[in-house]
Amino acid sequence: MGGDVVVVGGGAIGLLSGYQLACAGSNVVLVESAEQVGRESSWAGGGIVSPLYPWRYSAAVTALAHWSQGFYPGFGQRLLDETGVDPEVYVTGLYWLDLADEAEALAWAQREGRPLFSVDIAEAYQRVPVLGEGFKRAIHLPGVANVRNPRLVKALRAALTAMPNVELREHCPVTGFIQEGGRICGVTTAAGEIRAERVVLAAGAWSGELLRTLGLELPVEPVKGQMILYKCAEDFLPSMVLAKGRYAIPRRDGHILIGSTLEYAGFDKTPTDNALESLKASAQELLPTLKDAEVVGHWAGLRPGSPEGIPFIGELPEHPGLWLNCGHFRNGLVLAPASCQLLADLMLGREPIIDPAPYAPAGRLQ
């Protein structure tokens, strides 16, 4: 048995952390401040199972991403079998168009052994006939998938609520931590104390606010991202495409996501008309026939921005009993499986899936 754990935060990272620990025998109480889990960054994102530009990240991010990419297809099937909710892991591949750093991308792929290749632009237009005119160069990663993130969090919630050793407390904001004998041994909430042997902080963009109650400065800040959604025919867009920092993601049922902005606006999640017009312009440049399609959704979420996008995973040495799994920036869904597996390995004394040193909180807080 893995002991009693409180997980603070009900996004993809918190839900999957709780799931991994509960599967290993821990008794888990998962607390979420909102009325329902998974309604923040995890719901708002695009769900590409790859960093947008993987070659621009450090080896620490790459290691987590590689492990997770191989995990998702089987995990999606497992969640469907367990819960009846399909996260829709959809392997479409991804084309990057007219990249300024194409040479660096191809060099990275060769170094890392990734199947990312330069393709003739005519081949890209043949494969994706709805692409806008004028693109000159393309590189292609064929095996990359997207996951339908709102359904992923719905499936994780269903899996957790079915487990006898898990308690889910929604609409239960955490206000601070309980400290006794030099250890963290629980959390305080509006509804009272919740005690446990260990606490996992996985509160996304809000993680830094909670650590401030201990006098710690975690370099994680909210970074707003806005998205729009179209509904097209199911076979309209056969592959994900990315150009000029904006992407189009097809879902199996013909929904097309266009994203995303990158805004430092504090905790303000209000969608704006400026972003709507900018995203529509990008959509029409990528896929001109969207000019006549209706925008069926426009929303914003808050990413947990962190230095270089390297998450904090591990126990805080100055506060034993408090574990972090936060600061995934733009890649929470991409990195979630590996991050949560690594956390569980460390907490349960198992051999870690990858070297945990780059993610350790020690020396990285202010």
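Author: With one term: contact means heavy atoms within 4.5 Å. The model is a predicted one.

Reader: Which strand is the one that helix α8 runs at about 55° to?

Author: Helix α8 covers residues 273–286. It lies across β4 (94–97), β14, β15, β16 and β17, and across one further strand, residues 221–231. The strand to which α8 runs at about 55° is β13.

Reader: Which strands stand at the edges of the open sheet of eight strands?

Author: The order in this sheet is β5-β6-β4-β14-β15-β16-β13-β17, with mixed pairing. An edge strand has a single partner, so one side of it is left without a neighbour in the sheet. The two strands in that position are β5 (117–119) and β17 (295–305).

Reader: By what angle are neighbouring strands of this sheet turned against each other on average?

Author: The value is an average over neighbouring strands, and direction is ignored. It is 25°.

Reader: In the open sheet of three strands, which strands stand at the edges?

Author: The order is β9-β10-β11, and the pairing is antiparallel. Each edge strand has a single partner, so one of its sides has no neighbour in the sheet. The edge strands are β9 (174–180) and β11 (192–195).

Reader: What is the bridge partner of Thr-189 in β11?

Author: Strand β10 (residues 183–189) pairs with β11 in the antiparallel sense over four bridges. For Thr-189, the bridge partner in β11 is Gly-192.

Reader: Which element supplies the largest share of the largest nonpolar core?

Author: This core has 49 residues, and Tyr-72, Leu-152, Val-200 and Tyr-359 touch the most other members. Among the elements that each supply at least two of its residues are β1 (4–8), α1 (12–23), α3 (59–83) and α9 (332–348). The largest share, 10 residues, comes from α9.

Reader: Which residues is Tyr-72 in contact with, leaving aside its neighbours within four places in sequence?

Author: In soluble globular proteins, nonpolar side chains tend to be buried together. Tyr-72 is one of the core residues that touch the most other members. Its contacts are Val-49, Val-89, Val-147, Leu-152, Leu-333, Val-334, Ala-336 and Pro-337.

Reader: Is Thr-62 buried or exposed?

Author: Thr-62 lies in helix α3. Leaving out residues up to four places away in sequence, Thr-62 touches Pro-54, Tyr-57, Trp-108 and Glu-112. Buried means under 20% relative accessible area. Thr-62 has a relative accessible area of 7%, so it is buried.

Reader: Which element gives the most to the lining of the largest cavity?

Author: A search of the whole structure finds one cavity of 30 Å³ or more. The largest cavity has a volume of about 60 Å³, and its lining includes Thr-62, Ala-65, His-66 and Gln-69. With four residues, the element that gives the most to this lining is α3.

Reader: Which element gives the most to the lining of the second largest pocket?

Author: The second largest pocket has a volume of about 190 Å³. Its lining includes Trp-43, Arg-148, Asn-149, His-255 and Trp-299. Both α6 and β16 (255–259) supply at least two lining residues. The most, three residues, comes from α6.

Technical notes. Residues are numbered from 1 along each chain as its sequence is written. This is a predicted model: local features need pLDDT of at least 70, side-chain atom pairs count only at pLDDT 80 or more; totals for chains, interfaces and linings use all residues. Side-chain values use heavy atoms; hydrogens and water are left out. A nonpolar core is a set of buried Ala, Val, Leu, Ile, Met, Phe, Trp, Tyr and Cys residues joined through side-chain atoms within 4.5 Å. Buried means under 20% relative accessible area, exposed over 50%, partly exposed in between (1.4 Å probe, protein chains only). Two strands pair if DSSP finds at least two bridges between them. On a 1 Å grid over the protein atoms alone, a cavity is a set of points where a 1.4 Å probe fits but cannot get out, and a pocket is an open set with protein on both sides within 12 Å along at least five of seven lines; lining residues have an atom within 4 Å of a point. Grid points are joined across faces, edges and corners, and a volume is the space filled by probe spheres set on the points. Axes are lines fitted to C-alpha atoms, for helices over the stretch in contact, and angles run from 0 to 180 degrees between N-to-C directions.
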